[in-house]
Amino acid sequence: MVEIFQENALLLLFVVAAIGYLVGSIKVRGSSLGVAAVLFVGLVFGALDPNLRIPELVIFLGLSIFIYTIALQSGGSFFATFQSRTGARDVLFIFLMLLFSAGITVGLHFLFDFDAATTGGLYSGVSTNTPSLAGLIDFISKRNGEVAATENLLQRAVIGYSLSYPMGVIGVMIAIKVMQNMLKIDYLAEAKQLSKTYPFQQELDHVTVHIQSTDVVGKTIRDVWQANGWKLAYGRLHTSDDVVLPSWDTVLLMGDELALVGNKSELQQAVDLMGEASKNHLSDDRSQYDIQDLFVSNPEVAGQRIASLNLNERYSVLITRIQRGDIKLLASGDTVLELGDRVRITARRSDIDDLKTLFGDSYERLSHINLLSFGLGMAVGLLLGMIGFQFTDDIGFRLGFAGGPLIVGLILGALRRTGPIVWTLSYGANLTMRQFGLILLLAGIGINSGHTFFATLQEGEGGWIFLAGTIISILTAIVTLVVGYKLLKIPFTVLLGMVSNQPAILDFATEQSGNRLPIIGFTLMLPIALITKIVVVQVMYLLLSSV
């Protein structure tokens, strides 16, 4: 069997992926490794024979696809973070925690008497940062003239990396489990508290309110909403004469019935202020207006704000809510539509067909990936990754296969479209590509590191490297979670993303929290951490090799 795997790397890759996914689905006390199990199954298979290898091109392909798709989806929220009042604080906090991790690594370097190359690889591995290892290898190659000496140092760096990498994943997971129990984190309550700031998930309901309060009679919907700070969508209005679709300038009158959509707490506030809940549900009346869920599959609509479509000038229609994957969002004029969204409209029956044409409403079309925008974005990202940045004669770095696609993906994800080109992918296509890239990455790294990992672990020094990686990983994660949550009052769910220095940890964090809020911390942390670690590991090697 080993000979078959030696001759067919693709067969090996998908066997590891399949078994890893199976192992990752096994729950122990309610928890599972998830997709991270692919890495550990790969280590086991790689230990069977040193000739079992996955071409590096496959690993770099997986890395680039995963990072690019994550960045595309998160570009808008990433740049919005810097505009928030806590943006500068969060960036500084991440930077200081990275330096704290480097400080622990230097301390263990002297405690265990490691060489500089091993320590550099240890830092790259425990932070699960492959680009920093690549930068370290490039840095060592430039500084050492003797081929034999250089080869030995490169091997030491790879050993430090491969032995610490698994605990860079497992250690953080352990820290998350321990701290969420010790701090008694209520993820559901935190998600509700953050729903207005980060509207990843909203529990939407609907109600028809009977206007009976003089506090709102004679006022426009806009005035009432602004006075109370509500984020509610409104639907049909039943007046004494007819059922109509109101606008922001519609004046509310005594006895009117207005359909509302929003979260339950705000709906109750609206009912208490405006009158009482009506037994007459306007959404049940389809005589003049119909309710439809339409897929956004038209590229000309994707990437545009609802207000910019000027729908009310052409149709009698209201958009009340949007479903993006499993997430339900309340629609507003500032909501940017994305490919794959399902928009719920209330519209005049005669306008339904035209609205279907406008939005596209084609599920099959959403399954297609626009290779022009995807290929162009990836190409620009990879070209950026090839550019070298030199700080001194000795210290420089390239963004590489991760950094280039990351920066380009964030920018394009924030732009969403440039003229006729829509950069973003539909939710389903993005998720599929992301998972595929992640599996290629984890399976490849695991298989290629497996033999070195177990061989070195059996040696005396291997155990110390593994122990050092465990200490750095767990201690850094715990300090980050405690300081961030207790002192800086950063939401714990967002902190999960900040400590998720590896995609598998992010997957684990989102599973633990039950929501996608960790992605906020992850997308904020990743660009800062990527560049900082690449520079820090080279400075660390330079200083330690001269001691």
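A residue counts as buried under 20% relative accessible area, as exposed over 50%, and as partly exposed in between. Lys489 has a relative accessible area of 61%, so Lys489 is exposed. The model is a predicted one.

Lys489 sits in the loop that joins helix H18 (460-487) to helix H19 (492-499). The phi of Lys489 is positive, about 60°, although Lys489 is not a glycine.

Helix H13 spans residues 352-359, and its buried residues are Ile352, Leu355, Leu358 and Phe359. Viewed down the axis of H13, these buried residues fall within an arc of 115°, so they line one face of the helix. Asp353 and Thr357 are exposed on the other side of H13. The cover over the buried residues of H13 includes strand S6 (289-295), helix H12 (311-314), strand S7 (317-324) and strand S9 (342-348).

The backbone just after H13 has a positive phi of about 100° at Gly360. Asp361, in the loop between H13 and helix H14 (363-366), also has a positive phi, near 50°, and is a residue other than glycine. The relative accessibility of Asp361 is 27%, so Asp361 counts as partly exposed.

## Helix H11

In helix H11 (residues 264-274), the buried residues are Glu266, Leu267, Ala270, Val271 and Met274. Their directions fall within an arc of 140° when H11 is seen down its axis, so the buried residues line one face of the helix. Lys264 and Asp272, on the other side of H11, are exposed. As background to such spacing, an α-helix has 3.6 residues a turn, so residues three or four places apart point the same way.

Elements that cover the buried residues of H11 include strand S1 (204-211), helix H10 (221-228), strand S4 (257-263) and strand S5 (275-277).

## Packing of H5 on H21

Two packed helices are described by the angle between their axes and the distance between the axes. For helix H5 (residues 87-112) and helix H21 (residues 518-545), the axes come within 10 Å and cross at roughly 30°. Angles under 35 degrees count as roughly parallel, and H5 is therefore roughly parallel to H21. The crossing in which H5 passes H21 is right-handed.

On the H5 side, the contact involves Asp90, Val91, Ile94, Phe95, Leu98, Leu99, Ala102, Thr105, Val106, His109 and Phe110. These residues meet Leu524, Met525, Ile528, Ala529, Thr532, Lys533, Val536, Met540 and Leu544 of H21. Sorted by class, the contact of H5 with H21 holds 15 nonpolar, three polar and two charged residues.

## Packing of H16 on H21

Helix H21 also packs with helix H16 (residues 400-415), where the two axes come within 11 Å and cross at roughly 145°. The crossing of H16 and H21 is left-handed. H16 contributes Ala402, Gly403, Leu406 and Leu410 to the contact, and H21 contributes Leu526, Pro527 and Leu530. Of the residues in the contact of H16 with H21, six are nonpolar, one is polar and none is charged.

Notes
Residues are numbered from 1 along each chain as its sequence is written. This is a predicted model: local features need pLDDT of at least 70, side-chain atom pairs count only at pLDDT 80 or more; totals for chains, interfaces and linings use all residues. Side-chain values use heavy atoms; hydrogens and water are left out. Axes are lines fitted to C-alpha atoms, for helices over the stretch in contact, and angles run from 0 to 180 degrees between N-to-C directions. Helices (H or I, at least four residues) and strands (E, at least two) are DSSP runs, numbered from the N terminus. Angles under 35 degrees count as roughly parallel, over 145 as roughly antiparallel, 65 to 115 as roughly perpendicular and the rest as oblique. A crossing is left-handed if the near helix is turned anticlockwise from the far one by less than a right angle, and right-handed if clockwise. Contact means heavy atoms within 4.5 Å. Ala, Val, Leu, Ile, Met, Phe, Trp, Tyr, Cys and Pro count as nonpolar, Asp, Glu, Lys and Arg as charged, and the others, Gly among them, as polar. Buried means under 20% relative accessible area, exposed over 50%, partly exposed in between (1.4 Å probe, protein chains only). The arc is that of the directions from the helix axis to the C-beta atoms.
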